[in-house]
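Colleague: Walk me through this model, please. I want to learn how to read its packing.

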Amino acid sequence: MTSYALVAAQISTIIVWVGFMFITHAMSRKESVYPPKVSSLLPWIGSAIGFVSGPQRFLALCRRVGHQDNFRTFCGDTSLYPMIYDALSHMFSILDRRLSRRAVDGVTAGFAETVFQRLKLYSGGDRVSLKRSLVEPLYCAATAVFLGTSPIPLLRRPFWSLPSTQARARVLQHITTCLRGADPDNDNDKLASNFAEVIREKKIPLEVASPAVFALVLALHANQSNVIFWLFSWLMAHPRAFSSLRDDIDRAVREEFGSIETFIAEANPQRLDSPAFALLNSAILEAARLTTVRIALRRAECDLQLKDGEGTIPIRKGEYVLLYPRAAQQNEASYPGGHNFVLDRFVQSQYEGELSPTSGIPFFAFGAGKHLCKGRFIAIFGMKVLTILYLSLFDVTPVPLKRRSSEWEPPHSSARSVGTTHSDDDIYVRLRPRTAL
């Protein structure tokens, strides 16, 4: 009897397991989530079965869906891709006009106030995520620049707090509402008013325009958030540099604005380009230099001789050249100790503006040639504002990852970094107010 019960139990287990396998395989056939995500009762089993049963079809789906297709993150509907690309081409001219060095001051009113309001929420925390406390204020302020004075639910509930598909639908719905209500004649709506004008002039459907605007917001934010995270990580790994930068910021704010309250009300890109903030500018450029991992592809428009050390490389018109900026930006000949963070590396005796300290040496963190990053000025401004407020408002102490440990270690870079260096780890910090908030 015991032997019979054991055999029956084994058979039942096999039947249940086969049932799970069948259900998982059936659910994995949904092409909308297949691959890279497979909704199944047993994660990854559906993909495994799909690969074993038909490797060619599985890999064909991988190529068609695209594991590295970023548009899928904020669109979901692959049929809209061509129209989104067309919409972006029309919107790029807006970025060239409104985010240029001369014009960017006009869209940054209230930027520092938005960052300040978000940072206040982290005051007094004993174990605050450095990533979140840096990323969220910048994301909220950048979104306000793109969407103007319209109410922004992103400020209350960050998009990364929900499953991606729900978050995408919520964000796109909000962007659609803002674009539909934006007034082309009301500059208080900032870039949204310009987007609305182009949408109406070019007759771009809102279901196409909204993902395009979302793409621009994320493009501005993605690399910027990594640069600022690593800047703070390296500063905390070098306490002397941390103290030097904080003291220099305190001095610069007193000289240029008088108080942190006046800074919050009046900060703009032009005023933060003052020589008083030269050390802060250097710190941001140095962090950008060290975190650049992108690869650039350029086509030669004429025959040329590309200098390579003591020799030259002939390049013919029409040939493609693959550039690896990271190697050039860490070359010892141009940057002594190029693999190390040096706070004052880009400080010059004669300060001449935002990117002038990099002239004459390889520096591709914001692109190269005529393909420079369209949001570079507002990105640098945002990082300056956040760094000034963070170090002015808080005494920052790193917290060991292990609760019972007294040792703190900087994070490790991720081998899967794209564009800029990503981190495998977060950092936790203790934030104590330096001034009344």
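Modeller: Start with axes: lines fitted to C-alpha atoms, for helices over the stretch in contact, with angles from 0 to 180 degrees between N-to-C directions. Helices (H or I, at least four residues) and strands (E, at least two) are DSSP runs, numbered from the N terminus. This is a predicted model, where local features need pLDDT of at least 70, side-chain atom pairs count only at pLDDT 80 or more, and totals for chains, interfaces and linings use all residues. Residues are numbered from 1 along each chain as its sequence is written, and side-chain values use heavy atoms, without hydrogens or water.

Colleague: At what angle do helix 5 and helix 9 pack?

Modeller: Two packed helices are described by the angle between their axes and the distance between those axes. Here, helix 5 (residues 81-98) and helix 9 (residues 191-202) pack at about 145 degrees, axes 10 Å apart. Their crossing is right-handed; that term applies if the near helix is turned clockwise from the far one by less than a right angle, and left-handed if anticlockwise.

Colleague: Which residues of helix 5 and helix 9 meet?

Modeller: Contact means heavy atoms within 4.5 Å. Helix 5 brings His90, Met91, Ile94, Leu95, Arg97 and Arg98; helix 9 brings Leu191, Asn194, Phe195, Val198 and Lys202. By class, that is six nonpolar, two polar and three charged residues. Nonpolar covers Ala, Val, Leu, Ile, Met, Phe, Trp, Tyr, Cys and Pro; charged covers Asp, Glu, Lys and Arg; the others, Gly among them, are polar.

Colleague: How does helix 5 pack with helix 10?

Modeller: Helix 5 and helix 10 (residues 206-237) pack at about 55 degrees, with axes 9 Å apart. That makes helix 5 oblique to helix 10. Angles under 35 degrees count as roughly parallel, over 145 as roughly antiparallel, 65 to 115 as roughly perpendicular, and the rest as oblique. This crossing of helix 5 and helix 10 is also right-handed. On helix 5 the contact uses Met83, Ile84, Ala87, Leu88, Met91, Phe92 and Leu95; on helix 10, Val208, Ala209, Pro211, Ala212, Val213 and Leu216. The classes are 13 nonpolar, no polar and no charged.

Colleague: And where do the axes of helix 6 and helix 16 stand?

Modeller: The axes of helix 6 (residues 111-119) and helix 16 (residues 376-393) come within 10 Å and cross at roughly 45 degrees. The two are therefore oblique to each other. Helix 6 supplies Phe111, Ala112, Val115, Phe116 and Leu119 to the contact, facing residues of helix 16 that include Phe381, Gly382 and Val385. The tally is eleven nonpolar, one polar and no charged residues.

Colleague: What order do the strands of the open sheet have?

Modeller: Strands pair if DSSP finds at least two bridges between them. The three strands run in the order 1-7-6, with antiparallel pairing. Strand 1 joins strand 7 (residues 428-433) over two bridges, with serine 129 opposite tyrosine 428. Helix 16 lies across strand 6 and strand 7, at about 90 degrees to strand 6.

Colleague: Where is confidence lowest and highest in the chain?

Modeller: pLDDT is the predictor's confidence in each residue, from 0 to 100. The chain averages 78, and 73% of the residues score at least 70. Helix 3 (residues 55-65) is lowest, at a mean of 49, and helix 11 (residues 239-256) is highest, at 96.
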